[in-house]
Amino acid sequence: MRSAADLLDQFVAPAQRPLADIERLQNQDDLFSLVKERSWKGQVPKTRLELAEELLRELDGLGENVGAAQDALFAKVDGTKITVMAEWDVPDTVSDSNLHEQITALTAKVVADWRRKAEYVAIFGCSGPELLTRAQRLESAGLRDSALDLVYDLFDELFRRGHFALANSILTEAPECSTDLLVAIVTATLPAKRSLAARPHFMEFVERVIRLRGEWVPALLAGLE
Amino acid sequence: MNRLKQQGEHAINKVPHVAIAITATRKDQRHLGILHRNHDLEETKLLHLAWHHLLKDEVPTTDFRWVSPSLHPTRARQVAARCRQVSKAFSLRAEMPYGFSPPTDCFSEETAQFLFGASKVGLTCATFALAIFEFAGVTLAKYDSWLPRPDDSDWQGQVLEMLENHGASTEHLTAVRNEIGSLRFRPEEVAAAAIGFPPAIDFATAKQMGESIVAVLNDDLETRNAGSRVIN
């Protein structure tokens with residue numbers, strides 16, 4: 001019987017060519033067939049959901065900060081273990097191949113997220129949300145214009161390098177900061193609005209937050225749609 | 001024209017975040033820029049397109065009058081932040097061309113940078129200011145209400161001649177020549193737009209207010225000239 005570490009190895013990408021590993025997961029049934037085989041050695045699962053849970057339990061056991069077993073998926077890329085918490089609801093009607101597709105898609109998402117974080121660090125020395133936290137600290141220290149400059153620096157640099165996916169991910173992870181900083185993010189991303197799918201949702205979020213604070217006036221976001 | 005402040009009466013460090021600044025350089029020529037304040041540094045600068053590839057961000061002279069558009073303070077801060085960003089970006093490249101392109105869509109579709117590609121030739125001091133506000137999501141003028149005027153083409157022809165004498169590239173001169181006859185947003189009309197905002201100003205109102213602004217600025221010019229004659 002394969003060990004848990006062996007199972008994790010199915011997710012491990014060679015550091016030199018990590019994309020090839022994703023390719024392998026997409027093109028082959030290694031991981032899923034392995035678990036299926038193992039699961040079926042003992043008792044044949046009654047439902048697809050049981051099969052999925054079996055797989056995820058196995059993976060779950062390898063990670064840290066374990067949440068609900070059916071909601072956790074772990075992967076290892078470029079030697080770094082990464083964790084994603086995701087909705088994992090597999091109805092009985094899902095076929096084996098569909099289930100595999102879902103696992104593969106989720107794994108690809110984990111890898112893509114991890115890569116984005118790595119790119120942030122390469123560009124800025126820290127992640128995008130961490131930069132926004134720095135901006136919040138500057139603002140708290142009374143340096144509000146410097147905080148705004150940091151936000152504009154962040155997005156301008158990402159756009160200059162063509163990293164629209166990174167900028168988009170910041171919009172999905174941005175902390176609930178001050179109204180000035182939230183409007184700065186909306187303004188800084190205006191020139192790239194066609195490339196940022198998350199921006200409309202972010203604007204809704206900003207409006208909701210500002211309304212809750214009782215600071216809302218239409219002029220705050222007018223012209224930034 | 002009460003909102004058009006004079007530095008003798010209103011120190012520029014009273015600019016809350018951002019303002020349009022305008023002066024008459026000759027009886028028939030105005031120049032315009034954006035005053036922007038960095039509160040962290042307690043510093044107000046004038047960002048203006050002085051000439052072809054000559055973007056300046058400097059402490060303004062006392063010749064300018066200024067007006068702050070009625071923006072929400074949070075939005076005005078963003079325009080000021082945009083001024084700093086553009087200043088920083090172009091201090092490294094010094095490639096802000098002069099031309100008669102409209103102030104809209106001045107950023108690259110690919111990188112979202114404030115650039116001039118094949119479809120953008122360059123800006124004047126007035127359209128540069130409008131473009132910066134646009135860059136921050138603030139539309140000061142109803143561009144589609146603007147109308148061409150015969151003397152605008154004359155002025156554009158003079159600018160082309162100056163660009164030729166300045167040694168602008170052949171490609172740029174050709175592009176600018178092709179833009180002669182395009183709509184002109186005059187500095188005094190942009191100042192009028194700042195006074196009237198919100199809403200975005202229409203051409204007829206801007207033109208009418210602009211004429212009053214020119215009268216005020218020409219009075220300033222006469223006073224300055226008289227003062228310099230006395231000193232000389």
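At what angle do the axes of helix α6 and helix α7 of chain A cross, and within what distance do they come? In this predicted model, the axes of α6 (residues 128-140) and α7 (residues 144-160) of chain A come within 7 Å and cross at roughly 165°. Angles over 145 degrees count as roughly antiparallel, and α6(A) and α7(A) are therefore roughly antiparallel to each other.

**Helices α6 and α7 of chain A**

- The crossing of α6(A) and α7(A) is right-handed.
- On the α6(A) side, the contact is made by A:Gly128, A:Leu131, A:Arg134, A:Ala135, A:Leu138 and A:Glu139.
- On the α7(A) side, A:Arg144, A:Ser146, A:Ala147, A:Leu150, A:Val151 and A:Leu154 make the contact.
- Classified by residue type, the contact of α6(A) with α7(A) has seven nonpolar, two polar and three charged residues.
- An α-helix has 3.6 residues a turn, so residues three or four places apart point the same way.
- A:Asp153 also lies in helix α7 of chain A.
- Because 18 other C-beta atoms lie within 10 Å of A:Asp153, this residue is partly exposed; the threshold for a buried residue is 20 or more.
- A:Asp153 is 22 residues from A:Pro175 in sequence, and their C-alpha atoms are 17 Å apart in space.

**Overall composition of chain A**

- Chain A has 10 helices and two strands.
- Read from the N terminus, the elements of chain A follow the order α-α-α-α-β-β-α-α-α-α-α-α.
- Of its 225 residues, 32% count as buried.
- Among the contacts in chain A with a separation of 6 or more, 59% are accounted for by residues 24 or more positions apart.

**Helix α9 of chain A**

- Helix α9 (residues 179-188) of chain A is largely enclosed by the rest of the structure, because nine of its 10 residues are buried.
- The buried residues of α9(A) are A:Asp180, A:Leu181, A:Leu182, A:Val183, A:Ala184, A:Ile185, A:Val186, A:Thr187 and A:Ala188.

**The largest nonpolar core**

- In soluble globular proteins, nonpolar side chains tend to be buried together.
- The largest nonpolar core has 93 residues, of which A:Val151, B:Ile20, B:Ala129, B:Ile132, B:Leu140, B:Val190 and B:Ala191 touch the most other members.
- Helix α7(A) supplies the largest share of this core, nine residues.
- Leaving aside residues up to four places away in sequence, B:Ile20 touches B:Leu32, B:Ile34, B:Trp66, B:Val67, B:Ala129, B:Val190, B:Ala191 and B:Ala194.

**B:Ile22 in strand β2 of chain B**

- B:Ile22 is placed in strand β2 (residues 18-26) of chain B.
- With 29 other C-beta atoms within 10 Å, B:Ile22 is buried.
- Apart from residues up to four places away in sequence, B:Ile22 touches B:Arg30, B:Leu32, B:Phe64, B:Arg65, B:Pro187, B:Glu188, B:Ala191 and B:Leu217.
- B:Ile22 and B:Ile34 are 12 residues apart along the chain, and 8.7 Å separates their C-alpha atoms.

**Interface between chains A and B**

- The interface brings 21 residues of chain B into contact with 24 residues of chain A.
- On the side of chain B that touches chain A, helix α1 (residues 73-93) of chain B contributes the largest share, seven residues.
- The residues on this side of chain B comprise six nonpolar, 10 polar and five charged.

Key. Residues are numbered from 1 along each chain as its sequence is written. Chains are lettered from A and ligands numbered from 1 in the order in which they are written. This is a predicted model: local features need pLDDT of at least 70, side-chain atom pairs count only at pLDDT 80 or more; totals for chains, interfaces and linings use all residues. Axes are lines fitted to C-alpha atoms, for helices over the stretch in contact, and angles run from 0 to 180 degrees between N-to-C directions. Helices (H or I, at least four residues) and strands (E, at least two) are DSSP runs, numbered from the N terminus. Angles under 35 degrees count as roughly parallel, over 145 as roughly antiparallel, 65 to 115 as roughly perpendicular and the rest as oblique. A crossing is left-handed if the near helix is turned anticlockwise from the far one by less than a right angle, and right-handed if clockwise. Two residues are in contact if their C-beta atoms, placed from the backbone, lie within 7 Å. Ala, Val, Leu, Ile, Met, Phe, Trp, Tyr, Cys and Pro count as nonpolar, Asp, Glu, Lys and Arg as charged, and the others, Gly among them, as polar. A nonpolar core is a set of buried Ala, Val, Leu, Ile, Met, Phe, Trp, Tyr and Cys residues joined through C-beta atoms within 7 Å. A residue is buried if 20 or more other C-beta atoms lie within 10 Å of its own, exposed if 12 or fewer, and partly exposed in between; C-beta atoms are placed from the backbone.
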